[in-house]
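Dear colleague,

I am passing a structure on to you, and below it you will find notes on what turned up in it. Please read them with the structure open.

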Amino acid sequence: MTKDLIAEAKNVLRLNDRGAYTVPTHGLYPFQWNWDSALSALGFVHFDEARAWTEIDTLMSHQWPCGMVPHIIFHEHDDGYFPGPDVWQTARPVATSGITQPPVSGYAVARLMDMARDKSLAEERARALLPSIHAWHKWFYRTRDPRGEGLVAIIHPWESGRDNSIDWDAPFAAVPTDGVEPYTRRDTMHANPDHRPTKEQYDRYIWLVQHFRSLKWDTEVLHDASPFRVVDPGFNAILIRSCAAVAELAAALGEGEIAKESRAMAAKGTAALDQLWSDTRGQYLCYDRAKEEFIDSPSIGGLLTVFAPIPEGRAQAIADRLNQIGKTAEFLVPSHDPVAPEFDGARYWRGPVWLIMNTMISDGLAQAGQHVMSQRLMDDSLRLIEKSGFAEYYDPITAEPCGGGHFTWTAAMVIDILY
Ligand code: 9WN
């Protein structure tokens, strides 16, 4: 069984391999996505180390001069996705989007280094990648934490990677829809529309893109100019974990300055994260920086926070919370608490399980010594795969495979779990 699953997962990766990068899945997402690539490298590394490094090299080679690493790189023309380069208009040598995504590359590079059999290749590639990943991290704290609080904000739901999470419903109300140019969605031609975001949400996604475009994609001004500014604990946890990983790696490679700065960013971020803890919910919450209020929404963003080096007591509380959620969901971890009235088990980030989330939460729990729950997440993940294949996401109650099929990062996570 294990052997078959690994072979099938490798086939998915091969199917979506475009040579120097992978597409998340053929049809629905025909370009390179930022955090998909970083996490997919964790699948490749088990059977083709050089290919794993190339995945991250390609991503980082499209970094903007300001330090931002865009969320999509439009390597080749394809009309199958909206919004394409004609909407973004970022004027990059190779077209890219103008916003970013969870910065998981630092963590991924450290993992590739740890797993390397070819140490000299790994050292050479890691040494070359460190300065650009570090510049990206500094860009975050400079442009997305302008008051130096230690927490960065996202300015578009797509940046979170959790596009239509219930977390964004309240802050999204502040985003207008007037002046949105007419458009045709493509996602609903490839996937079941009931599994995807709504038209109202798409109008707001596009309004924000047009707004940032009118500001010429100047990333130094976009934070203050955006009506949507949200601090997501899960996103911050990924950034913190990547800073900590870069700190360790840089120290091992004798890059003292990078190590020192990264350690300081990780420490400040970890301390600041505690402000997002909710005793009532027993988990972390998002904070609407534009409205200056907490978003009382029990989503997976507040559980993913365990990916950062949070205090032991908090990690224990997250494990308890997962236990509680596990009483109403057959498969952990639903992207939203199933008992919440807004929960929707098949609609994208409003309920379904995502394997990448499971592996990051499981990894964080293991780091914190929460081995039982960490293992449960891996077991639930494999049960889902065995039942429903390599889907984009799954209904946490019925295991229905949802969204796109033959999904790269789902397959990569399976390889990483099973090897
Ligand atoms: C927008 C590629 C991406 C993931 C995101 C996921 C989805 C895109 C979309 O697909 O977002 O970036 O068009 O729906 O939400 O996490 O990176 O797999």
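A crossing is called left-handed if the near helix is turned anticlockwise from the far one by less than a right angle, and right-handed if clockwise. Helices here (H or I, at least four residues) and strands (E, at least two) are DSSP runs, numbered from the N terminus. This is a predicted model, in which local features need pLDDT of at least 70 and side-chain atom pairs count only at pLDDT 80 or more, while totals for chains, interfaces and linings use all residues. Residues are numbered from 1 along each chain as its sequence is written.

By that convention, α3 passes α5 in a left-handed crossing. Helix α3 (residues 49-60) and helix α5 (residues 105-115) have axes 11 Å apart, at an angle of about 155 degrees, where axes are lines fitted to C-alpha atoms over the stretch in contact and angles run from 0 to 180 degrees between N-to-C directions. That makes α3 roughly antiparallel to α5, a term used for angles over 145 degrees. In contact (C-beta atoms, placed from the backbone, within 7 Å) are Ala-52, Trp-53, Ile-56, Leu-59 and Met-60 of α3 with Ser-105, Ala-108, Val-109 and Leu-112 of α5. By class, this contact has eight nonpolar residues, one polar and no charged ones, where Ala, Val, Leu, Ile, Met, Phe, Trp, Tyr, Cys and Pro count as nonpolar, Asp, Glu, Lys and Arg as charged, and the others, Gly among them, as polar.

A second pair is α12 (residues 233-252) and α13 (residues 256-273), whose axes come within 8 Å and cross at roughly 150 degrees; α12 and α13 are therefore roughly antiparallel to each other. The contact of α12 with α13 has 15 nonpolar, four polar and one charged residues.

Turning to the ligand, the residues around it are Pro-24, Tyr-29, Trp-33, Trp-35, Asp-36, His-71, Trp-158, Gly-161, Asp-163 and Asp-187, each with its C-beta atom, placed from the backbone, within 6 Å of the ligand. Five residues of this shell are nonpolar, two polar and three charged.

Some backbone details also deserve a look. Most residues other than glycine have a negative phi, and most peptide bonds are trans. The peptide bond from Phe-82 to Pro-83 is cis, with omega near 0 degrees, and Pro-83 is found in the loop between β2 (72-73) and α4 (85-88). Trp-217, although not a glycine, has a positive phi of about 55 degrees.

Methods:
Parallel < 35°, antiparallel > 145°, perpendicular 65-115°, else oblique. Contact = placed C-beta atoms within 7 Å.
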